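Please open the model in a viewer and display the side chains.

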Amino acid sequence: MAEKELEWVDNPNRFVIMCDDEIIGTISAYWLDPELQKWLEFGLCIYTDKYWGRGVGAIACSIRLDYLFESHSELRRIGFTTWSGNKRMIKLGERLGMTCEATIRQVRFFEGEWYDSIKYGVLATEWQESRN
């Protein structure tokens with residue numbers, strides 16, 4: 001097994017998303033404060049556009065957020081960062097009931113255009129309320 005593949009094996013912060021016995025994406029979680037482990041962010045990647053806009057990401061992220069809040073009961077908040085050009089990820093944050101917490105203007109440069117960086121987050125209490 002390649003070194004990169006080993007990073008995914010038995011790693012509680014990395015999950016694959018499967019559909020019809022095929023890996024179609026990944027969700028990873030990472031600490032922005034590795035020593036304290038109080039500030040957790042996640043990232044999502046759906047590999048094939050065939051699955052975009054079908055709710056797969058929302059389902060996977062809901063399951064993942066449940067797991068992360070349950071396995072890290074001391075966490076107060078979980079978030080993610082995207083950019084203003086990624087309309088699907090913005091919609092995902094809204095669909096999950098997350099709050100747009102910050103917009104850092106014109107810091108992402110892509111294909112000759114400037115975009116904003118956007119941070120979303122949800123508090124453990126808000127997530128629990130939305131699940132009840």
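Across the whole structure, a search finds six aromatic pairs; rings of Phe, Tyr and Trp (its six-membered ring) pair if their centres lie within 6.5 Å, with planes under 30 degrees apart counted as stacked, over 60 as edge-to-face and the rest as tilted. Select phenylalanine 15 and tyrosine 67: this pair is edge-to-face, 5.4 Å centre to centre with 65° between the planes. Phenylalanine 15 belongs to strand β1 (residues 14–19) and tyrosine 67 to helix α2 (residues 56–71), so distant parts of the chain, 52 residues apart, are linked. Helices (H or I, at least four residues) and strands (E, at least two) are DSSP runs, numbered from the N terminus.

This is a predicted model, in which local features need pLDDT of at least 70 and side-chain atom pairs count only at pLDDT 80 or more, while totals for chains, interfaces and linings use all residues. Residues are numbered from 1 along each chain as its sequence is written, and side-chain values use heavy atoms, leaving out hydrogens and water.

Colour by accessibility next (buried is under 20% relative accessible area, exposed over 50%, partly exposed in between; 1.4 Å probe, protein chains only). Phenylalanine 15, at 34%, is partly exposed, and tyrosine 67, at 33%, is also partly exposed.

Now select tryptophan 83 and tyrosine 115, whose ring centres are 4.7 Å apart and whose planes stand at 90°, so the pair is edge-to-face. Tryptophan 83 is in strand β4 (residues 77–83) and tyrosine 115 in strand β6 (residues 113–123), so the pair ties together parts 32 residues apart in sequence. Both tryptophan 83 and tyrosine 115 are buried.

Finally, select Phe42, Phe80 and Tyr120, which form one aromatic cluster.
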